[in-house]
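Here is a short report on selected contacts and surface features. The structure comes first.

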Amino acid sequence: MKNRLTQHNGKWYMPVLMILFSLSIFALLFHNVQQKELNLHEGQVASETIRANKTVENKYETREKQRIAEEAVVPEYNYDDNLKSAQINMINQLFDLVNKVNKEDKKLSVDEKIAKLKKKFEDISSDHFASYQKLPESFYQQLFSLSHNELENARKVSTALVDKYMSMHIRTNTLANTKQQALRELDQLQIPKNEHVIDEALINNGLVVNEISNSKKTEELREKAKQSVAPVMIYQGEIIVREGSPIDAKAMEKLKALGLTNKSTTLFPLEALILTIVFQVILILYTAKQMSSLTKRKRFILFYVMMMLISIVVMKFLQLFQGEGSIYIPYLFPAAFMPLVLNIFINRRTAVMAVIFQAIFAMFAFYHSIGTSTLLMIIITYVLTGLLATLVKRKRIAQQIFPSFLWLIAYPVIFQVILMIYQGMDFTSRETWLTLLCVVIGCGLSFLLTMGMHPYIELILTDDSSIVLNELSNPNQPLLKRLLEEAPGTYHHSMMVANLSANAVAEIGGRSMATRVGCYYHDIGKVKHANFFVENLPAGAENPHKFLLPEDSRQIIFGHITDGIKMLQDAHMPQSIIDICAQHHGTTLMRYFYVTAKERDDSVTEEEYRYPGPKPQTKEAAVVSIADSSEAAVRAMGQPSSQQIADFVHNLINNRIEDGQFDECDITMKELRIVEKSIVNGLCSTFHSRIQYPELKKDDHN
């Protein structure tokens, strides 16, 4: 009957267990996080899907984006509006100089006039001089062949066209096109050929670039555009190249950035896994140290280790079936199961710790999805589901089916739908509905597994599981059979107390089944001296205590407690049953024998005639103590009225309160009144007054 997880003694196995636990987790998850050595080259066909092993900047892509951003910058130009006036002045000045030369001496030859004109160029600005120098000798010869009117017409046409086109923004790359437009317009004027030659030369010479590139400003804009480009990142878990696809230049650059093109490997994931395991072991030991007894520490450590290993094995199993086309498989994991059973059987703090580490180990179990939204959603789902499980009341799921259904299935599914909407998932997609179905199945498994396995987990963790209690309640159980055969009155009394106590405990939310079975065995010690207890005496038999001294009777009565504890311990009974046997009289006074002894010897003290105790430590033991005394006393009343029963039970409870018998248990005054009402109703239904039916007198003639 002993606790299956705490049968072994010795301190040596705890460190060994922690080492085995750590090695087991590491062995299960090592394959998932180890970095394979790769030797890749461009053009090679990938033999498997390669994912990024870390998050780094893709410097090649970043540089490409920066180059594109720089090229997209429109160059800055400065427009010089003064150039138009300068060029027109240059043309006008030329015609003025030609006219001046013509007026000075009309008898000069053309060559002499050209020479004289060029002599005058020495007195003009260097800019104009440079422009005039570009004009060919034939231009000047033609120029001096024109009459005054023809010169003025040429001046008018050339200056007009230069004025028009110099008003435009002319850049180096548009100068030739601008000149062509001006010359086409000149052709359309249909001017004489000799004038046309002059105008054409002046337009070609007069149209210049008037919008100069501002290289400094342009460079500033390009630098600004370059700086505004966000770094291109390669995120951990991102697919670099799929299985069966050739490795192109871009993929190769990414692989180089990740350091996957050589045989080197990163140890960061393995280091993180080891540190996580070590940290968990520290927290387990720290939490265990805060527990009150060695038994509780052992139970906590062993059960936590077992549950965590089972969880990791299940996650590992699901990971084997997860693929790019079946990313919903991890949602089948019953994430609420481990936190729920730890919450029910250990405590809520342990359950929350399990939620955290279960989610962390999920990151390693599904490591190949790391850096993707898939893993993020899996972790969020596991954490939400696990935390909601810790909010379930710490009692059997079968006793709270609807609230448990809400916390374990309904609420997690609603949260999952909200997450799907946040992600923008398409609810017409098959994958979306498969994901939601897997979430429902995973939550349903947590609910059903906890409800179905509760008795078996209880059997492993406790010595008074429902399976054990059902076995002990069988009348053929050796101790019960012996009680029935050797002390039938005590057996019947125990059954009555069991009914009264179990009903009362159920009404205050206690352990009804454990209380009932505890009552079956609470007076088992009476079998040692069965005939010294009044309920076992045959009708009309003398009470043997009349022939004993009070101190001898005291030892026999006290003996049924100590003898009972010894018998139950020898039979390896659950501790809760032994506790009820030890505590059902508390430290109450054996009043009858105390008064008798006091009459014989005034020096006798109450302490000598008080039960050894301890006082009731639990609600269940307190209720049993009330029901035991009430049933025995009411039975001795004969045919009590309902009021007599109610008054007796009420006074009994008040006396026990005044005597401090309930000071060491957590039963409240409100619960005591509920217990009082339940026991009174039970006793009244059993010991109610019956109608006395008159007997028929015999007919004298018969």
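The notes below cover salt bridges, a helix pair, a loop residue and a surface patch. The model is predicted.

## Salt bridges

The whole structure holds 21 salt bridges. One of them joins Glu458 and Arg396, with the closest N and O atoms 2.9 Å apart. This pair links distant parts of the chain: Glu458 sits in helix 18, Arg396 in the loop between helix 16 and helix 17, and 62 residues separate them. Glu458 is buried, at 10% relative accessible area. Arg396 is partly exposed, at 22%.

Other pairs sit within one helix. Glu152 and Arg155 meet at 3.3 Å, N to O. They are three residues apart in helix 7, so about one helical turn separates them. Glu152 is partly exposed at 27% relative accessibility; Arg155, at 13%, counts as buried. Lys566 and Asp570 form a salt bridge at 2.8 Å between the closest N and O atoms. Both lie in helix 23, four residues apart. Lys566 is partly exposed, with a relative accessible area of 46%.

## Helix packing

The axes of helix 21 (residues 488-507) and helix 22 (residues 512-521) come within 8 Å. They cross at roughly 160°, so the two helices are roughly antiparallel. The crossing is right-handed.

## Loop and surface

Tyr367 lies in the loop between helix 15 and helix 16. Its relative accessibility is 8%, so Tyr367 counts as buried. Its C-alpha atom is 9.1 Å from that of Pro269, 98 residues away along the chain.

Tyr411, Ile414, Phe415 and Ile418 make a nonpolar surface patch of about 350 Å². Ile418 belongs to helix 17. At 47% relative accessibility, Ile418 is partly exposed.

Technical notes: Residues are numbered from 1 along each chain as its sequence is written. This is a predicted model: local features need pLDDT of at least 70, side-chain atom pairs count only at pLDDT 80 or more; totals for chains, interfaces and linings use all residues. Side-chain values use heavy atoms; hydrogens and water are left out. Patches are made of residues with over 30% relative accessible area and no salt bridge: like charges are joined within 9 Å, nonpolar side chains (Val, Leu, Ile, Met, Phe, Trp, Tyr) within 5 Å. Accessible areas come from the Shrake-Rupley method with a 1.4 Å probe; for residues, only the protein chains shown count as cover. A salt bridge is a side-chain nitrogen of Lys or Arg within 4 Å of a carboxyl oxygen of Asp or Glu. Buried means under 20% relative accessible area, exposed over 50%, partly exposed in between (1.4 Å probe, protein chains only). Axes are lines fitted to C-alpha atoms, for helices over the stretch in contact, and angles run from 0 to 180 degrees between N-to-C directions. Angles under 35 degrees count as roughly parallel, over 145 as roughly antiparallel, 65 to 115 as roughly perpendicular and the rest as oblique. A crossing is left-handed if the near helix is turned anticlockwise from the far one by less than a right angle, and right-handed if clockwise.
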